[in-house]
Amino acid sequence: MRGLLARRMKFHLLGAFLVSLGCATLYKFAVAEPRKRAYAEFYKNYDPMKDFEAMKAAGVFESAPAK
């Protein structure tokens with residue numbers, strides 16, 4: 001029984017490190033990268049003035065009344 005905690009701690013620390021590394025990698029490639037690509041694709045053809053005019057015509061802004 002002598003040294004049991006130290007042996008088990010090494011095993012659990014290594015396991016925790018590998019699990020956290022795996023989760024971070026999975027998040028990066030399953031969530032972050034697709035999100036970056038989606039934003040890049042959206043802003044590739046985005047026209048802010050066209051969007052502003054559409055919101056202005058819908059009456060969203062109080063400072064820019066719809067005509």
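**Close-up views of a predicted model**

**View 1. Surroundings of K56.** Beyond its neighbours within four places in sequence, K56 is in contact (heavy atoms within 4.5 Å) with F61, A64, P65 and A66. K56 belongs to helix 2, residues 48-58; helices are DSSP runs of H or I with at least four residues, numbered from the N terminus. K56 is buried and has no salt bridge. Its nearest side chain of opposite charge, E53, is 4.2 Å away. Buried means under 20% relative accessible area, exposed over 50% and partly exposed in between, with a 1.4 Å probe and protein chains only. A salt bridge requires a side-chain nitrogen of Lys or Arg within 4 Å of a carboxyl oxygen of Asp or Glu.

This is a predicted model, in which local features need pLDDT of at least 70, side-chain atom pairs count only at pLDDT 80 or more, and totals for chains, interfaces and linings use all residues. Residues are numbered from 1 along each chain as its sequence is written, and side-chain values use heavy atoms, leaving out hydrogens and water.

**View 2. The aromatic cluster of F42, Y43 and Y46.** Rings of Phe, Tyr and Trp (its six-membered ring) pair if their centres lie within 6.5 Å; planes under 30 degrees apart are stacked, over 60 edge-to-face and the rest tilted. The count by this rule is four aromatic pairs. F42 and Y43 pair edge-to-face, 4.9 Å centre to centre with 80° between the planes. Y43 and Y46 also pair edge-to-face, at 5.4 Å and 85°. Y46 is partly exposed, its relative accessible area being 31%.

Technical notes: Helices (H or I, at least four residues) and strands (E, at least two) are DSSP runs, numbered from the N terminus. Lys and Arg count as positive and Asp and Glu as negative; His and the chain ends are not counted.
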